Amino acid sequence: MSEQNPPREPVVSVPAFCPNQDCRYHDRRIAGSANWSIRFGAFRTLSRGLIQRFRCRECGKTCSTQTFSVHYWTHSTTDFRTFENQLTSASGLRQIGRMNRQSYRVVKNRTHRLARQYLTLFSHALEGHTFSEYVTIHGMHSILRSQYFPVTINILVGFTSQACYGFNMVITRRTGSISRSQREIRRTIESVWRSRRRSAENGTRQLFTDLLPQIERAIARTRLWYVISDAKKEHVRALKRIPVIRAALEKQRIRHSRITDRARHSIYCYNRLFSADYIDREIRKDMGDHAKESVKYAREINCALERLVIKLGSHTFTKPHRITGKVDTSDEPRHAEVARLTSTPIVASYDLWLYTHRHVFSHLPEEASEMDWIRTIWKRTETNPPIIDLKTGEMKRKGQPKEKRFARHLFV
Ligand SMILES: [Zn+2]
């Protein structure tokens, strides 16, 4: 750890909850107000010395201080703050591995962990939240594995704060001007696998469905609430397919403001799609996956989503709203503060524990655990397109993208 970046919180020293999901002390609040655990010996490790063990008085389940640490089941301690900086400065995974003297698998494993830390932070920040600003919907284009699998990343961004409220990634069909041989390859791929119809529209609809409770509270509070997007028709169709939003549009409680490219690039008026352009630029410059003409493009969709949640989480919760050039930015408000996402004490404490305390899916608040975008990333449920042998036109037997073994403690 460098001197400029002191740790926010000392290492985990007391058990916060019983790890048994069926035990009543699994609930942090109940466990926090009860004397539920007893000391139960200790064990010595080569990497971290003596580790204290505990036993639950209720169910008998044992755990140790490591169970509640973000470094659970590891033999080396990663400085997650530095690791996050490396991930969000357009580095490749093997490049990070060489810098930190870690193998590729270790770098991937630490990405899985940090992504879940940010998902927890997003979940608690969005729980019970009411939009205090208008939102901009942005559909960003990138690729997965090759140009034959273009993806649209739908992101909901705050109009004033430029905080991210949610995102998802959908694979679309390769369109645009392509040569005859490229069309031939596309046909071969599509004989085995096709992207879903209207996937970009469905992605936008899913994102708004996920954030419907927050939107309903915003409509109840204000007379007229704006959704700003570019002029694409898919946004209009997506919004109209959600009954609550369609009704609000008809009653003039929500207005969908579509900005044409001409207005967007006009020098005579404020670009109302500034938030969309801003988040697009941030991702393109900070992520190797999504830089134009990148050779570091994503290969596996679930890993790509995890890296993206780290980028958008660090953008929202860690980065100052405006960069002023000052060396010490600790007094500057962050995007999440401008969006009033950090007003509850639980978000403030989880913000402090970002790089230290382990979080579990079963502790996510109710609204957030039902959000498709959070569940998809945490549980890794997105499916990859298959790798196809272009000579035979069949799926390759070996080398298909899948996680051979995934640690169970990262799913719970
Ligand atoms: Zn227990």
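Two strands are said to pair if DSSP finds at least two bridges between them; strands are DSSP runs of E of at least two residues, and helices are runs of H or I of at least four, both numbered from the N terminus. Please note that this is a predicted model, in which local features need pLDDT of at least 70, side-chain atom pairs count only at pLDDT 80 or more, and totals for chains, interfaces and linings use all residues. Residues are numbered from 1 along each chain as its sequence is written.

Let us take the sheet. Strand β2, residues 49-56, is joined to β3 by three bridges, and the two run antiparallel. Within this pair, R55 stands opposite T62 of β3. The open sheet has three strands in the order β1-β2-β3, with antiparallel pairing. Because β1 (37-45) and β3 (62-64) each have a single partner strand, they stand at the edges, and one side of each is left without a neighbour in the sheet.

Next, the interior. A nonpolar core is a set of buried Ala, Val, Leu, Ile, Met, Phe, Trp, Tyr and Cys residues joined through C-beta atoms within 7 Å. A residue is buried if 20 or more other C-beta atoms lie within 10 Å of its own, exposed if 12 or fewer, and partly exposed in between, with C-beta atoms placed from the backbone. The largest core holds 78 residues, of which V135, L156 and V309 touch the most other members. Apart from it lies another core of six residues, including W36 and C56.

Finally, H335 lies in helix α13, residues 335-338. H335 counts as buried because it has 25 C-beta neighbours inside 10 Å.
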